[in-house]
Amino acid sequence: MRCRLQTLVQRKFKILLLFLLLSALLLHLAMDLALPTARRLWSSGGKAPKGLGAVAGSPLLASPKKLSLRILQDFSGSNGSVERSSHPQGAGPKIKDPGVQQQRGDVNRARTKGSKLAALFEHPLYNIPLPEVTDKDKLFVVNPMEKFSLQSSGSDEWVSSSKAEAILPTGKTAYDTYPAWLKFHVGINRYELYPRRDPLMPTLLHDLATMRIVSSVQKSGGTQLKLIMTFPNYGQALFKPMKQSRDQETPMDFFYFSDFERHNAEIAAFHLDRILDFRRIPPVSGRLVNITKEIRDITTDKKLAKTFFISPAGNVCFYGECSYYCSTEHALCGKPDQLEGSVAALLPDKTLAKRRSWRSPWRRSYHKSKKAEWELNPNYCAQVRQTPPYDRGHRLLDLIDMTVLDFLMGNMDRHHYETFEKFGNDTFLLHLDNGRGFGKHSHDEMSILAPLQQCCSIKKSTYLRLQLLATRPYLLSELLREALAADPLAPILTEPHLRALDRRLGKVLEAVGRCLARAARPGEVLVDDVGPWV
């Protein structure tokens, strides 16, 4: 009798367990069928939510470019017409209205105690106020009523403001819902790419270094291999893979136009540009990429996919398609599939924020034997000063700023530069594509300084900051060493490259000193752009 009772209990327990398993299976099926209304509309050919525009199919399968375009289009105002005139050069600066950047406060001094970099950014020369930023000075005019968020379920689908209300904590503004890359885009204005001591910057750099990559395709054009990587929040970045080790110098027999593009040069250039207070290079972070999982397995680029192979050493390699160094002999190989690279935040798409490309007046000949006109004519600057847009405003002085940056890096490959078309000629220059810097620490290429030497003009603010960076406790090499130490791929530069910065900075100051010695008055050389603030 006892045995029968035990058998009956066991059977009932088994039936109950089977029933629970079936219930769980049915629950999962019901959850899969109960997709969000927006996803059902997309799959049936209906309209997408307001925040995304009409995009067919899954967000991950849709073009990331189109998605990011629609996101910006839906909550950014019109860029307005292109401005043709410049503001008067002598207009005095007013205290800057932060606009959408009012969410960005001062850096927490307690966290940066003992930091030379933090002390530098507290210096009066790094706190000169910018002119007041009005709507026409902003690259995008934000619609404060439009909110965006990722669904809390963990999907990669954007929801529009009507759905975001139920997800977002109360009291948050539309700006709070933007991902870091979008905050970076809407913060761009006529005077700066990003603000000083920007608390958004650590978040953006962290995203670039760690966020999951959902797509990797080759960037068209260019002489060397570059990839466009897309993240789940529709942010995109430019990936430049490691081609040289840190301690390798560019061979002396290499022409500047056939040099490698170095990933660590892109990283160091961003931080150097920031220390100089130019802030004209988009944020860049180092990243260790898994070639197999984050490029090969997820790429939709058939041409790129065909170039992957396993090396005799068992490493995963690829080479892509480009003008230089895209062959089996110059393949990029992981260890066994881990590869270093620089990841740079992309600027807003040109369909939303048009950019104009300008040929540099001091462009090199890009020929093995021919010389450019500026290399033969010592009075070349007089000709440039009479040519628009260098005949008025601060364009020529901005170009000399870029010259100083390039000389410190040893970058000879500055043939063009870009500006945002909306702001006309009265705006900063974008310092893009710096991969050919930091190639030779043992050689200072003085010809890079030709614009400064021939024109004998420089902004007073730039000169004062250069003087500051040549003295303790603000030595340029020490500041850049501290800035680069926080990068995931640190160390970024070898000590000889850091020491070369101080040596080259001294040569820039010597060049300005020679100009001052020849000038009738200092104001002919040091163009006052700071007024009573210094």
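This briefing walks through some helices, strands and disulfides of the structure above. The model is a predicted one. It holds 4 disulfides, and three of them are described below along with the elements they join. If the bonded cysteines of the protein chain are numbered in sequence order, they pair as 1-4, 2-3, 5-6, 7-8.

- Cys317 is buried at 0% relative accessibility, whereas Cys333 is partly exposed at 32%.

- Cys381 and Cys455 are bonded, their sulfur atoms 1.9 Å apart, and the link is right-handed, with 110° about the S-S bond.
- Cys381 belongs to helix 12 (residues 380-385) and Cys455 to helix 14 (residues 450-455), so the pair connects parts 74 residues apart in sequence.
- Both Cys381 and Cys455 are buried.
- Cys456 and Cys515 form another disulfide, with sulfur atoms 2.1 Å apart; the torsion about its S-S bond is about -75°, so this one is left-handed.
- Cys456 lies in the loop between helix 14 and strand 13 (458-459) and Cys515 in helix 17, so parts 59 residues apart in sequence are tied together.
- Cys456 counts as buried at 13% relative accessibility, and Cys515 is buried at 5%.

**Helices to look for**

- Helix 17 (residues 495-518) has 24 residues and reaches 36 Å between its first and last C-alpha, close to the 34 Å expected at 1.5 Å a residue.
- Buried residues of helix 17 include Leu501, Leu505, Val508 and Val512.
- Helix 13 (residues 395-409) has its end C-alpha atoms 21 Å apart, which agrees with the 21 Å its 15 residues should span.

**A covered strand and a surface patch**

- Strand 6 (residues 284-290) has 6 of its 7 residues buried, so the rest of the structure largely encloses it.
- Strand 6 pairs with strand 10 (residues 338-345) in the antiparallel sense over 7 bridges, with Leu339 as the bridge partner of Val289.
- Leu16, Phe19 and Leu20 make a nonpolar surface patch of about 320 Å², and Leu20 lies in helix 1 (residues 2-33).

Key. Residues numbered from 1 in each chain as written. Predicted model: local features only at pLDDT ≥ 70, side-chain atom pairs only at ≥ 80, totals over all residues. Heavy atoms only, no water. Helix = DSSP H or I, 4+ residues; strand = E, 2+ residues; numbered from the N terminus. Expected span 1.5 Å × (residues − 1). Patch = residues over 30% accessible without salt bridge, like charges linked within 9 Å, V, L, I, M, F, W, Y side chains within 5 Å. Areas by Shrake-Rupley, 256 points an atom, 1.4 Å probe, with all protein chains shown as cover. Salt bridge = Lys/Arg side-chain N within 4 Å of Asp/Glu carboxyl O. Buried < 20%, exposed > 50% of the residue type's maximum accessible area, 1.4 Å probe, protein only. Pairing = 2+ DSSP bridges. Disulfide = S-S within 2.5 Å.
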